Amino acid sequence: MTEALSRPRGTRRRLGPGRAVPFGRLLGPLLLVAVWWAASALHYLDPRILTGPGSVAATAADLVRDGRLQDNVLISLQRAGLGLLFGVLAGVVLAVAAGLSRFGEYLVDGTLQVKRAIPSLAMLPLLILWLGIGEQMKVTVIALGVAVSVYVNTYASLTGIDSRYVELAESLDLSRWRFVRTVVVPGSLPGFFVGLRLGVTASWLGLIVVEQINSTSGIGYMMFQAQQYAQSDVIIVGLVAYGIFGFASDAAVRAVERRVLSWRRTLAG
């Protein structure tokens, strides 16, 4: 109390995280690369176990020159993109069905909670039995992981809308469509974007696994082949590619979220 009274008038202690810095989230990855580079230059790393950044960059250039990296990257992006698309659509539809109807809640929510307790990867043997080892199985595995993440967060945000808004909409005699557009959508968007970010991560995690199961293309296949010949530099190129795509996709979702939810004032800025 005394400290507050002695502080000059007009000044306030800042309790928030401070002003956002453009591209500030690159600091952590760049610091990690710098430590990796220094450890390699000082010969603290055995190149047979962990190749240095210089060798990895040279290997990446060779893979680009041969066209192997681009071909595998395009196939991986297609698998992850299709799985993400189908998973998001399924998650949103199920969340709306469960959130706006008691019958839908009883029918859908329990089933999805059971599915959430069963990892998508644990269903691989059954999905392979049903769908084979082709692209359909790979996309389905990715979509299942995405759908659960999107559903859980969208449903939680939707059912967390203040009931007073619902009562106000009823008193104004809003139509079902207008109620959804003016109350449900704005109220559920924050949770949807959280689910979307987790879904993007789930799509990459699922992709890593399915591409190492009887695949003949993709980044995961390239890494699995490199493992057979102890090519740690090629494996690290694949890991870096996964990391770049994961970071970029999350940044893209964040950018869309900031634009769509620009009316919110949060600590994130």
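Guide: Rings of Phe, Tyr and Trp (for Trp, the six-membered ring) form an aromatic pair if their centres lie within 6.5 Å; planes under 30 degrees apart count as stacked, over 60 as edge-to-face, and the rest as tilted. Searching the whole structure gives 3 aromatic pairs. This is a predicted model, in which local features need pLDDT of at least 70 and side-chain atom pairs count only at pLDDT 80 or more, while totals for chains, interfaces and linings use all residues. Residues are numbered from 1 along each chain as its sequence is written, and side-chain values use heavy atoms, leaving out hydrogens and water.

Visitor: Why is the pair of Y151 and Y155 called stacked?

Guide: The ring centres of Y151 and Y155 are 5.4 Å apart, which meets the limit of 6.5 Å. Their planes stand at 10 degrees, so the pair is stacked.

Visitor: What separates Y151 and Y155 along helix α7?

Guide: Y151 and Y155 are 4 residues apart in helix α7 (residues 135-159), so about one helical turn separates them. Helices here are DSSP runs of H or I with at least four residues, strands are runs of E with at least two, and both are numbered from the N terminus. Both Y151 and Y155 are buried; buried means under 20% relative accessible area, exposed over 50%, and partly exposed in between, with a 1.4 Å probe and protein chains only.

Visitor: What makes the pair of F192 and F193 edge-to-face?

Guide: The planes of the F192 and F193 rings are at 65 degrees, with the centres 5.4 Å apart, so the pair is edge-to-face. F192 and F193 are each buried.

Visitor: How many helices and strands does the protein have?

Guide: There are 11 helices and 0 strands. Of the 269 residues in the protein, 35% are buried.

Visitor: Where does UniProt place the feature "transmembrane region"?

Guide: The unreviewed UniProt entry gives residues 20-39, 82-104, 116-133, 139-158, 179-200 and 234-256. UniProt positions are in the numbering used here, feature names are shortened, and annotations may be inferred rather than shown by experiment. In the model, residues 139-158 are 100% helix and 0% strand, with the end C-alpha atoms 27 Å apart. Residues 116-133 are 56% helix and 0% strand, and their end C-alpha atoms are 23 Å apart.

Visitor: Why is α3 called roughly perpendicular to α11?

Guide: The axes of α3 (residues 53-66) and α11 (residues 232-260) come within 9 Å and cross at roughly 80 degrees. That makes α3 roughly perpendicular to α11: angles of 65 to 115 degrees count as roughly perpendicular, under 35 as roughly parallel, over 145 as roughly antiparallel, and the rest as oblique. The axes are lines fitted to C-alpha atoms, for helices over the stretch in contact, and the angles run from 0 to 180 degrees between N-to-C directions.

Visitor: Which residues make the contact of α3 with α11?

Guide: From α3 they are V56, T59, A60 and L63, and from α11 they are D233, V234, I236 and V237; contact means heavy atoms within 4.5 Å. By class, 6 of these residues are nonpolar, 1 is polar and 1 is charged. Ala, Val, Leu, Ile, Met, Phe, Trp, Tyr, Cys and Pro count as nonpolar, Asp, Glu, Lys and Arg as charged, and the others, Gly among them, as polar.

Visitor: What is the phi of H43, and what is that of D173?

Guide: H43 has a positive phi of about 65 degrees, and D173 has one of about 55 degrees; neither residue is a glycine. Most residues other than glycine have a negative phi. H43 sits in the loop between α2 (27-41) and α3, and D173 in the loop between α8 (163-171) and α9 (176-210).

Visitor: Why is H43 called exposed?

Guide: The relative accessible area of H43 is 68%, so H43 is exposed. D173, at 69%, is exposed as well.

Visitor: What makes G199 count as buried?

Guide: G199, in helix α9, has 0% relative accessibility and therefore counts as buried. Apart from neighbours within four places in sequence, G199 is in contact with L84, V146 and S149.

Visitor: Why does P186 count as partly exposed?

Guide: P186, also found in helix α9, has 30% relative accessibility, so P186 counts as partly exposed. G54 in helix α3 is partly exposed too, at 38%.
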